[in-house]
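Open the model in your viewer and keep the selection panel at hand. The stops below say what to select and what is there.

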Amino acid sequence: ENSLQKTSTCSPVNPSGIFVSPYALNLSSFTKLIKRLQERHPEFSRDEIVKAVQEVRKINKGVLSGLAISSIEEKTSAIL
């Protein structure tokens, strides 16, 4: 289980006024990964792709950090 500090010194609202959770770390990398997988596997829905990525995380002891995006992409593709 990740232990993150519950306090933040920066505002939880970004310049466009959208709330950004302090726990949403590396969201842009996740978004890029999902986009790449959607381009590679247009026959699958976004939800199916996200579930496959979650399965990769489960197989990797509950974390994706430390894995290269290309490695996550390959493992997810194998599941799909």
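Select A78, which sits in helix α3. A78 counts as exposed, because its relative accessibility is 66% and the cut-off for exposed is over 50%. A78 and V56 are 22 residues apart along the chain, and their C-alpha atoms are separated by 9.7 Å.

One caution before going on: this is a predicted model.

## Zoom out

Colour by secondary structure. The chain shows three helices and zero strands. Read from the N terminus, the order of elements is α-α-α. Then colour by accessibility. Of the 80 residues in the chain, 18% are buried.

## The buried side of α3

Select residues 69-79, the span of α3. Which residues of α3 are buried? They are I72, E73, T76 and S77. These residues lie on the same side of α3, because they cover an arc of only 135° around the axis. What do they pack against? The buried residues of α3 pack against α1, residues 27-40, and α2.

Now pick T76 alone. T76 is part of α3. T76 has a relative accessible area of 0%, so T76 is buried. Show what surrounds T76, leaving out residues up to four places away in sequence. T76 touches L37, I49, A52, V53 and V56.

## α1 against α3

The axes come within 10 Å and cross at roughly 45°. The two helices are therefore oblique to each other. The crossing of α1 and α3 is right-handed.

Select the residues that make this contact:

- From α1, take S29, L33, R36, L37 and R40.
- From α3, take I69, S70, I72, E73, E74, T76 and S77.

Colour the set by residue class. The contact of α1 with α3 divides into four nonpolar, four polar and four charged residues.

Stay with S29 for a moment. S29 is in helix α1. Is S29 buried, partly exposed or exposed? S29 counts as partly exposed, because its relative accessibility is 24%. Draw the distance from S29 to I69. These two residues are 40 apart along the chain, and their C-alpha atoms are separated by 8.1 Å.

## α2 against α3

At what angle do α2 and α3 pack? The angle is about 110°, and the axes are 9 Å apart. That angle makes α2 roughly perpendicular to α3, because angles of 65 to 115 degrees count as roughly perpendicular. The crossing of α2 and α3 is right-handed.

Select the contact residues again:

- In α2, take I49, A52, V53, E55, V56 and I59.
- In α3, take K75, T76 and I79.

Keep the colouring by residue class. The contact of α2 with α3 holds six nonpolar, one polar and two charged residues.

## Over to E48

Select E48, in helix α2. E48 is partly exposed, because its relative accessible area is 39%. Which residues does E48 contact, leaving aside neighbours within four places in sequence? E48 is in contact with E43 and L80. Then draw the distance from E48 to Q38. The two are 10 residues apart along the chain, with C-alpha atoms separated by 9.9 Å.

K61 counts as exposed, because its relative accessibility is 80%. Now check the backbone torsions. Phi of K61 is near 60°, a positive value in a residue other than glycine. Why flag it? Most residues other than glycine have a negative phi.

Methods
Residues are numbered from 1 along each chain as its sequence is written. This is a predicted model: local features need pLDDT of at least 70, side-chain atom pairs count only at pLDDT 80 or more; totals for chains, interfaces and linings use all residues. Side-chain values use heavy atoms; hydrogens and water are left out. Helices (H or I, at least four residues) and strands (E, at least two) are DSSP runs, numbered from the N terminus. Buried means under 20% relative accessible area, exposed over 50%, partly exposed in between (1.4 Å probe, protein chains only). Contact means heavy atoms within 4.5 Å. The arc is that of the directions from the helix axis to the C-beta atoms. Axes are lines fitted to C-alpha atoms, for helices over the stretch in contact, and angles run from 0 to 180 degrees between N-to-C directions. Angles under 35 degrees count as roughly parallel, over 145 as roughly antiparallel, 65 to 115 as roughly perpendicular and the rest as oblique. A crossing is left-handed if the near helix is turned anticlockwise from the far one by less than a right angle, and right-handed if clockwise. Ala, Val, Leu, Ile, Met, Phe, Trp, Tyr, Cys and Pro count as nonpolar, Asp, Glu, Lys and Arg as charged, and the others, Gly among them, as polar.
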